[in-house]
Amino acid sequence: MKTLDEYYRSYNSNVHRGIHVLSAKATEAYEGARTKVANFVNAADSREIVFTRNATEAINLVAYSWGLSNLKQGDEIVLTVAEHHSAIVPWQFVSQKTGATLKYVGLTKEEVPDIEQFKGLLSNKTKIVVVHHVSNVLGSMLPIEDIVTWSNRVGAKVLVDACQSVPHMPVDVQKLGADFLVASSHKMCGPTGVGFLHGKLDILSSMEPFLGGGEMIADVFQDKSTYAEPPSRFEAGTPAIGEAIGLGAAIDYLSQIGMQKIHEYEKELATYLYESLISVPNVRIYGPAPCKTDHRAPLCSFNVENVHPTDIAEILDLQHGVAIRSGHHCAQILHRTLGINASARASLHFYNTKEEVDVFVHALKSSIDFLTSEL
Amino acid sequence: MDVSSLAAALPSLVAPTMNLKPRLAFPLHPFSARGGGAHPRGSVAVGCAHSNVPPPLRRAADEEDQGEDADPRLRLHRLAEEFRAVPEAGRARRLLAYAAALPRLGDADRVAANRVMGCVAQVWLVGRCDGAGRMRFAADSDSELSRGYCACLISALDGAHPDEVLDVDPADLAPLGVAAGTRSRASTWHNVLVGMQKRARAAIAVREGRSPAGSFPSLVIGRDGTVRAQGSYAEAQVSSPPLQFCLFSFRCLD
């Protein structure tokens, strides 16, 4: 917040354009933030980081820029039923425009994406695999390195939605090996309005622009234009400068604590949340139990028998000052697969404590008592 | 009009496809101070600022019959005053009490065509214009608090003329609660009001001899130039009985 305030008060100026000292300072801070993001995910080159509005825009960028140019009738796009809408809908657009087909990986009885089914879906028709790293509903984690290995064998690209992993654990894009990876600032203690796409430089260099305008061009003529190199090619117009610099400050903050330390703490918190919540009568939690998985994110999507999750969320808010989410969490396909319309979700970050989990569980019990006595 | 009369009268106010069956035969007052009163799920403890029992919700048409001003905006204002008079802890109870008194829609009406889009719970809304030119609404939800919101909106707008329904501004909902009047997919208040106004707009269109179909939210334009609805919401709008949506083809210019 201080960083944002300082930018807007002291050197609010456009980037990559002016030659005066304020513009130079803003450009330096903006590019400095890009380098911070690159280092945070161990990208080989800061030019592999494209600032976007959020992860959703980053996925749309890949869909429109790479997808429309590289997919055709008969090609297949593999996703899982547990993907966020932002990882599904852009590919539906691409499918409608190109004739490529979407193939979905279902769930196992442990309520995680079925890796065996995934392997079975891969073929020489598969051109891109779009998967989450950590599910925002199930809390489960996918083996991205293995997925990349299997996908590469059939010549398919891999796009990873890392929104739920980058803020919570060390993520190394070189180790993962995915072709594209996306994340959002607002989920990692940063400001809203900015996110990023990591793409391998050779792939980004081969991609057509997404949006047209200033910054992304080299020369403009009446009948054509030539385009800048990545990442500028994909950053048309004036970017969210203060917000990108703010994301850099958020990364400084997280790095100071240490992502491995955050991850270890959150694993413990995740187990505590799960075990505390499962002890509440008539509660059903979705996704694998912590004992049945190497990793369960510090979130629990759940339902209480005979009580609507929205009612629970409202009473928790109105009567206890506890904020949870209710609805489909931008995962309608997953909810239909689970046979439900909606769920409640409690999610934690490293700043939450076990005491807060206790407060939540106590408030939940009280809310359930209130609702079941009134109904 | 008391709640029992309201519940009994509702079946005659709606299209034959509706299958309104009040869950119980309500007494004159749903929740008497003596703690009685039939309730779908057992006894209810209800609190309000002035007594342990919330006043029954009254419809616009009932108040007009009694010579009172039935303007929906005024009724919403009165409802907001009523809510403000209740301690915050009691508001949820009041909503649940109103929810308990709201008749359930039958399965025939709990269908995709009647879904109010954008709510975090499933909400179904049925609306039509009766022979006297008034809008008649019924609603239901899988969330009890959402049923309470629906009951409140129905009490304000059921029996109002279509133009009066359209005159209600979402901002009129603001005094009812935080974000009540805000355009948001999470605001049941706002989304149900929008749904009611859509149906009022369709009724006005029919009255004026125009097609009731409004602007269409979700179209797919195929490579062959055909235009079709796609997605459960769009397809539901096409199949919605009050709307006669004309699909047309046009040539896509390459």
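Modeller: Gladly! Helices (H or I, at least four residues) and strands (E, at least two) are DSSP runs, numbered from the N terminus. Just after α7(B), Gly209(B) takes a positive phi of about 80 degrees. This is a predicted model, where local features need pLDDT of at least 70, side-chain atom pairs count only at pLDDT 80 or more, and totals for chains, interfaces and linings use all residues. Residues are numbered from 1 along each chain as its sequence is written, chains are lettered from A and ligands numbered from 1 in the order in which they are written, and side-chain values use heavy atoms, leaving out hydrogens and water.

Biologist: Why does Ser146(B) count as buried?

Modeller: Buried means under 20% relative accessible area, exposed over 50%, partly exposed in between (1.4 Å probe, protein chains only). Ser146(B) has 0% relative accessibility, so it counts as buried. Ser146(B) sits in helix α5 (residues 144–157) of chain B.

Biologist: What is Ser146(B) in contact with, leaving aside its neighbours within four places in sequence?

Modeller: Contact means heavy atoms within 4.5 Å. On that basis, the partners of Ser146(B) beyond those neighbours are Asp311(A), Ala121(B), Val123(B), Ser141(B) and Thr188(B).

Biologist: What makes the span of helix α7 of chain B close to the expected one?

Modeller: The expected span is 1.5 Å times one less than the number of residues. Helix α7 (residues 188–207) of chain B has 20 residues, and its reach of 28 Å from first C-alpha to last is close to the 28 Å expected at 1.5 Å a residue.

Biologist: How do you know that α7(B) is mostly covered?

Modeller: Of its 20 residues, 15 are buried.
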